[in-house]
Amino acid sequence: MRHSRSRTPAIALYGGVFDPIHAGHLAVGRAARRQFGLDAIHYIPSGRPPHKSEEGISAFEHRYAMVALACAGEKRFFPSLAEADPSDSGRFFYTIDTVRRFHRQLAGTGTRLYFITGADAFLQIGTWKGYPALLEACDFIVAHRPGFRVDRLAEVIPSELLARPGRAALRGGNGRRTGNTEIRLRQTTVHVLRAVSSDVSSTEIRHRRKQGLSIRGLVPRLVEEYIEKQGLYCQ
């Protein structure tokens, strides 16, 4: 089925450490692509995230390689070098700067921009650089794990950014269990992605590797092969 010429293009940026990227990340991407009609999802491994110890994460080269392998079998998924640091300057990368960079690249195209993140990360958004501007720079798609209290997301958004200040009520999507819940802001919307039930985590995968246990099915096959060949997460 062809899209109407008047249809607004939509892309999403999916930022994360991706150490490693796993089946849950891809499930989130697929669900977001279906529910929001996304033309592309750019998976952006963090360069040097300010909230992580540099010693605690794998080299960018490894994380980007795994993202590229994971995206290889997905038509609308693209690995991104937006936070690569070719000069090895050691500078921090901030989401607000990455989002603004994509806005500059998309200027004049009418493209709607989303940012995908997990619920745990969104709960810390008050610590992100320029977070009020970030919340108004693009729509958010927030994926959560089973058992997460969705109303907690509204609590971290400053009331002055809400479409109706002081009222952060969550609105359901067409009454469907698999529909979206949303929080309306003045210029943007925070969408809660409810259709993903995967509870796999990068922490669990690294732990299993250290214990000598299989990670089959937790990561794409090509990513599993890469991890094994490179000897990642064994120590």
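A contact here means two residues with heavy atoms within 4.5 Å of each other.

**View 1. The whole chain, a predicted model.** This is a predicted model. The protein chain has eight helices and seven strands. It holds 235 residues, and buried residues make up 46% of them. The accessible surface of the chain comes to about 12,700 Å². Carbon and sulfur atoms own 46% of that surface.

**View 2. The largest nonpolar core.** In soluble globular proteins, nonpolar side chains tend to be buried together. The largest nonpolar core of this chain has 35 residues. I21, L38, I41, Y43, M66, I116 and L193 touch the most other members. Helices and strands both contribute: β1 (10-16), α1 (23-36), β2 (40-45), α2 (60-71), β4 (112-118), β5 (139-143) and α8 (221-230) each supply at least two residues.

**View 3. The surroundings of I41.** Leaving aside residues up to four places away in sequence, I41 touches A12, Y14, G29, R33, R76, F77, F78 and I116. I41 is also one of the residues that touch the most other members of the largest nonpolar core.

**View 4. The loop between β1 and α1.** F18 lies in the loop between β1 and α1. Its phi is near 55°, a positive value in a residue other than glycine. F18 has 3% relative accessibility, under the 20% cut-off, so F18 counts as buried. P20 belongs to the loop between β1 and α1. The peptide bond from D19 to P20 is cis, with omega near 5°.

View 5. At 1.5 Å a residue, the 14 residues of α1 should span 20 Å. The end C-alpha atoms of α1 are 20 Å apart, which agrees. The buried residues of α1 are G24, H25, L26, V28, G29, A31, A32 and F36. Just after α1, G37 takes a positive phi of about 60°.

**View 6. Helix α2 and its cover.** The 12 residues of α2 should span 16 Å at 1.5 Å a residue. The distance between the end C-alpha atoms of α2 is 16 Å, in agreement. F60, R63, A65, M66, V67, A70 and C71 of α2 are buried. The cover over these buried residues includes α1, β2, β3 (77-79) and α8. M66 is also among the residues that touch the most other members of the largest nonpolar core.

**View 7. K75, between α2 and β3.** K75 sits in the loop between α2 and β3. Its relative accessible area is 75%, over the 50% cut-off, so K75 is exposed. K75 and D39 are 36 residues apart in sequence. In space, their C-alpha atoms are 9.8 Å apart.

**View 8. The two sides of helix α7.** Helix α7 covers residues 202-210, and its buried residues are S202, I205 and R209. They cover an arc of only 60° around the axis, which puts them on the same side of α7. The face turned away from this buried side carries the exposed residues T203 and K210. Among the elements covering the buried residues of α7 are α1 and α8. G212 follows α7, and its phi is positive, near 75°.

**View 9. Y233, in the segment after α8.** Y233 is found in the segment after α8. Its phi is near 65°, a positive value in a residue other than glycine. Y233 has 10% relative accessibility, under the 20% cut-off, so Y233 counts as buried.

View 10. A disulfide is a covalent bond between the sulfur atoms of two cysteines. The structure holds zero disulfides. C138 has 3% relative accessibility and counts as buried. C234 has a relative accessible area of 41%, which makes C234 partly exposed.

Technical notes
Residues are numbered from 1 along each chain as its sequence is written. This is a predicted model: local features need pLDDT of at least 70, side-chain atom pairs count only at pLDDT 80 or more; totals for chains, interfaces and linings use all residues. Side-chain values use heavy atoms; hydrogens and water are left out. A nonpolar core is a set of buried Ala, Val, Leu, Ile, Met, Phe, Trp, Tyr and Cys residues joined through side-chain atoms within 4.5 Å. Buried means under 20% relative accessible area, exposed over 50%, partly exposed in between (1.4 Å probe, protein chains only). Helices (H or I, at least four residues) and strands (E, at least two) are DSSP runs, numbered from the N terminus. Accessible areas come from the Shrake-Rupley method with a 1.4 Å probe; for residues, only the protein chains shown count as cover. The expected span of a helix is 1.5 Å times one less than its number of residues. The arc is that of the directions from the helix axis to the C-beta atoms. A disulfide is a pair of cysteine sulfur atoms within 2.5 Å.
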